[in-house]
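Hi,

Here is the structure I promised to pass on. Have a look at it first, and then read my notes below.

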Amino acid sequence: MIEQYTITTTPKYNFPQPTIDTTLPQRLIELSLHSLKHVQNQPFQLNQQTFQQTNSLEDHIQPLQPKLQPILLKPKPEETIVAAVDTSSIKIGETSKGILIAVRGANVWKQNKSYRYIRLGPFLFHITEENKKEVYNALRRAYFNSPHEHSRQSSPNLLQMPTRIANLLERWLQKMFSKTISNGLILFDGSLTSGIADTPTQRMIEILTTARKRNNVVLAFSKMTSLRFNGYLITDVLLRYKPPYMLEMTGLKPKPPIVLLGDVYVARLTKGNYAFRLDIDKEVSHEHRIEAVEKLLGTDLFSQSYPETLRLAHILCTFTANEVIAMQHFTAHRYGLKIINRPDMHRLLFGPFGKGERRS
Amino acid sequence: MKLYKKESNIVQILSFPNETVEKGDYLLIEGAEAGKALIVQVIDVQFASIPGILEELLRSLPDGGELMQGEDFDPLEIAPHITYIQDARLNICKIRATVENEGLSPSSSWLPSRSQSAIRKLPIPTLLKLAKIDGKLPIVLGGAKDSSFLTIDASSLDGKLNIITGKKETGKSYLSKLLMLNLIRYKATVVVFDLNGEYVSLGMTADGKRNGYYNKIHVLTPSQNFKIALKQLDLHVLLSILIHALHLPGTSAREFRRIWQSLKERGSLALRELGEAIRNWRCNQHVRDALFSRYYALVNSGFFTDNVAEAMLLEECLFKAREEGGAIIINLRNTSAIDRQIVVEYLLGKFVELLTSWKLKAIFLFAEEAHLYLRETYWDDIVTRMRHFGIFTTFITNQPDTIRQNIYRQADNIFLFNFTNEHDLEVVSRAARVDAETVKSIAVDLPPHYCLVLGKVVKDFPMVAKVKALDVKTMGETRLFFKDMN
C-alpha cells in the first residue's frame, strides 16, 4: 500500500524523478496508520486548535540595528521558477489516552505564468504519552537519516507534537525543492534561524547548500516577527521611500545554540504599510540576493507585500473547519471513536463568567 | 439523517449526499421510546451551513477564477470525506402529522429526540395506507416519486371544488382528461366547457381508433349540433342571457319581459314572432332599438332555433350519461366571446333546472379558462349555491389570478403544476388547504407533467405525481408554423 504513494510530478515541472526521496512521507503514512490502530472504540472529545508555528527562536537573538540606506528594488520580469513550501498542523480531538492530530504540507510553484501544487496529507496521528517518543524519533530518523541525531534530543511534550511533526514535514518538503529545482527562487515560511530540535543547523545548512549548488536562492518570509529596534518592531520601521525596497538589519547576535543562516531584511515590496522580515541565505552574494528579490518581484504576484506563491502554499496546507469536521467524521467512522462532550470546567464552575479552557 | 432543529411546524434535518432526499419526499422521524413518529415533508433542500466552506471554495479558485493545477497525496483518503461534508444537506421539512397507536393526528406538539430518533424515508404507499387515502373508486393519477402509484378516490372529488392550474404546457389538460375519464368510468355525468376543442376526440385512441369511451363522449358544438328552441327556454334564463351576456339595460329588460309573456300567452314563442313583436311593440324608440340589437345577436349566434326536434340533443345526452356515465363536451372552439357567454348562461340555467327537479343527480363540470365565459356573479354562485344543487366544478387555468380569491379559499383540492412566476404562486398559496411555503417551494421545481396534489383527495398530505399518460387523442397540441420544417 505504501509503495503506491511515490511522488510523481506534472510534466512541466523539472523535478528529476529518480532522486526523489520518499522516506519521510512513507514513514508518515506508516506511523499515522500504526498510531490510529490503537485508537479504536475510544471515547473521543471533539475540539480543535491550530498550532501557530511561532518564531520562538527570536527570543534568543540580541537587539539589532537597521542600515539607514534602504536597498531600492526594480522588478525583473525574467522567467524564473518561484517555489514555496508551507505546512500546518491541527489538533482534531482528544481521546482518553492522548490527542488526535492532523498534519499537511504543500509545495506550490509558479512556472510559465501558472501556479501548480503538490499537497501531502492530511496525515492523522494518534499521539499518546506512550507512543510520542516512538513516533517522533521514527520521523526524525526518517528525515535526518542518521542515528546519532535523535539521541541528543528528548521527545517534545504532547501539545508540542503537532508543530514538531509539521516542522519535520516542512524541512523534508524544503529539502525536496532544494534538490530538484534549478535556477529558481525557493520561498520558505518563517526565518533561516536554526539550532533547535526540529531545525538542526546541520540539516538547514544542507538544504541551503543543495539549493545554492543548483543555482537557487532561498528567501524566507516571516509573517510575524518579534525582532525590535529601539523598542519598535522592525516591520514597523517604515521609511519614506517608495516601495519596493529592503532594509538590511545588522548587529544581530544570536545566543548559542541558535544560528542565523541568513541575513535579515525588512522587505516592503508593495504600496501600503505591510512589511515582512525577509531572511536571505548568508552565502549568497549581495548582488545575487538583490537580483533574486527583483526576480521575485518581476515574476510573482504580490498582495500586501507578500508573494502569492507562498500565500497559496499557506492556503493549501491550512485546515478549514470543514476539513476538520471531515477528519473527525473519518476517524469516528473508520476507527469507531465514540464522540463525547467532556464538560468545560471553567464553564461549569463560573457559568457565563467562564471563558473556556485555555492552553498556553 | 439527523434531526437538527425545530421551529414552529418546520423541522430541519441533516443528511449526507448518499441519502437521496428530494423536495416533496416524506420522512418519518421515529422516537422509539415515545412510541410516536412524526411525518414530515421535505419542502426545500439546502446545503448545510458548514464552517469554513467559503474558504474551501475560494481555495480552489485562486488563479483568476481558473482551477489551480496540482496533485494531492491523500494516503488516508480523507478527500471523499471532505466532499461528503461539503455536500451535506439541510432538508427543510414541514410537519404533516404525528403517528401514534397506528393513527394519525395533525398535531405537531411532540418533539422527537435529536440524538436518539431514527429518520427514514416514508414510501408513498405506506403513507397512503396510514392516511387511509384509498377507497372503492380508485383513480391512478400517475407515478409518485418513489416509483409507486399515487391513487386517489373518485369520491374525494364528489361534491368538491377543484382547481387545476399551472403554466402553459405543463400537463393541466392531461390531468383534467384523466380525472374526467375516470369519473365517466364510475358512471358520473361530466360536462366540459371546452374552449379549444381539446376534448372532442377523447373517444378515440392516439392512433385514431375508437376506444372504450367512444359511446360515452358526446360532443355538442353550439349552432351546429347544439341548438335551443325559445319554447324550451325559461324567461329568467333568457333574461340572464340578455342582461349578463348582451348587457341589456333594465328598462328594456322590463319591456322584453312583457313581450315574452304576451307571446307565451299566445303560444307563439318563436324567433320570427319575437322579431315581429319587438317591431310592433308600443314602446320608446331607444328601447326598441336596444331590444332589436339583442334580438339580432341571438339570431346571428345560430344557437337558437324554432325546430324543437333540433334542440333535443343536450337533454338526450345528459339523460344517457345519467344512466351509464358520460361526458358532454361543449365545444366552444369556434364560438365568439358573446356567443360563448350566451351558451354558458343557458347551460348553467338548464343544469340548475334539471338538478333542482332531480332529473339529474349531479354534474361534474370541467371549466377551462372560465374567466373567458363566466360572468362575475357566477363565480360565487358556482362555489356556493350551485354546489348545493349538485354542480361540482373543476376550474382549469394557466392564469391563476383570473380565478377569484374566494374561490381559492373554498377550493377542496388543488392540482398544481409548475409555475415560475412568484405572483402566480402567491395567488395559489392563498388557498385555505395549502401552506404557502409548500406551494412556493415545491411548485417552482416541478418538471412538466409533474403535479403537486393538495387538499382532501390526499387528506392534506401534499404529494407530487407524474401524471399518467393517456391513450386518447388529446388534440391539445399547439399549431406550429415551423413544425414540418424541422
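**What I found**

Let's start with chain B: among its contacts (heavy atoms within 4.5 Å) between residues at least 6 apart in sequence, 72% join residues at least 24 apart. In chain A, 77% of the contacts between residues at least 6 apart in sequence join residues at least 24 apart.

Before you go further, note that this is a predicted model, where local features need pLDDT of at least 70 and side-chain atom pairs count only at pLDDT 80 or more, while totals for chains, interfaces and linings use all residues. Residues are numbered from 1 along each chain as its sequence is written, chains are lettered from A and ligands numbered from 1 in the order in which they are written, and side-chain values use heavy atoms, with hydrogens and water left out.

**The two chains**

Chain B has 14 helices and 21 strands, and chain A has nine helices and 18 strands. Helices (H or I, at least four residues) and strands (E, at least two) are DSSP runs, numbered from the N terminus. The C-alpha trace of chain B spans about 105 × 60 × 45 Å along its principal axes. Of the 486 residues in chain B, 53% are buried, and in chain A the buried share is 59% of 360 residues. Buried here means under 20% relative accessible area, exposed means over 50%, and partly exposed is in between (1.4 Å probe, protein chains only).

**The cores**

A nonpolar core is a set of buried Ala, Val, Leu, Ile, Met, Phe, Trp, Tyr and Cys residues joined through side-chain atoms within 4.5 Å. The largest one has 112 residues, and the members that touch the most others are Phe193(B) and Phe304(B). Helix H10 of chain B (residues 337–356) gives the most to this core, with ten residues. Apart from it there is another core of 52 residues, including Tyr26(B), Leu28(B), Ala37(B) and Val458(B).

Ser176(B) lies in helix H4 of chain B (residues 172–185) and is buried, with a relative accessible area of 0%.

**Where the chains meet**

Here 37 residues of chain A are in contact with 25 residues of chain B. The buried area, meaning the accessible area (1.4 Å probe) that two parts lose on being put together, summed over both, is about 2,800 Å², and carbon and sulfur atoms give 62% of that. On the chain A side, Tyr117(A), Asn322(A) and His329(A) lose the most area to chain B, together 22% of what that side buries.

Across this interface the rule finds one salt bridge, a term for a side-chain nitrogen of Lys or Arg within 4 Å of a carboxyl oxygen of Asp or Glu. The side chains of Asp72(B) and Arg119(A) form a salt bridge, at 2.6 Å from N to O. Strand E6 of chain A (114–128) is one of the elements that give two or more residues to the side of chain A that touches chain B, and E6(A) gives the most, with ten residues.

**Salt bridges elsewhere**

Over all chains, the structure holds 29 salt bridges. Which residue does Asp412(B) form a salt bridge with? Its partner is Lys456(B), with the closest N and O atoms 3.2 Å apart. Asp412(B) lies in the loop between helix H12 (405–410) and strand E19 (413–416) of chain B, and Lys456(B) in the loop between strand E20 (450–455) and strand E21 (463–467), so the pair ties together parts that are 44 residues apart in sequence. Asp412(B) is buried at 7% relative accessibility, whereas Lys456(B) is partly exposed at 32%.

Glu353(B) and Lys350(B) pair up too, at 3.7 Å from N to O. They are separated by about one helical turn because they are three residues apart in helix H10 of chain B. Glu353(B) is partly exposed at 30% relative accessibility, and Lys350(B) is buried at 5%. Finally, a network of salt bridges links Lys94(B), Arg96(B), Asp435(B) and Glu437(B).

Cheers
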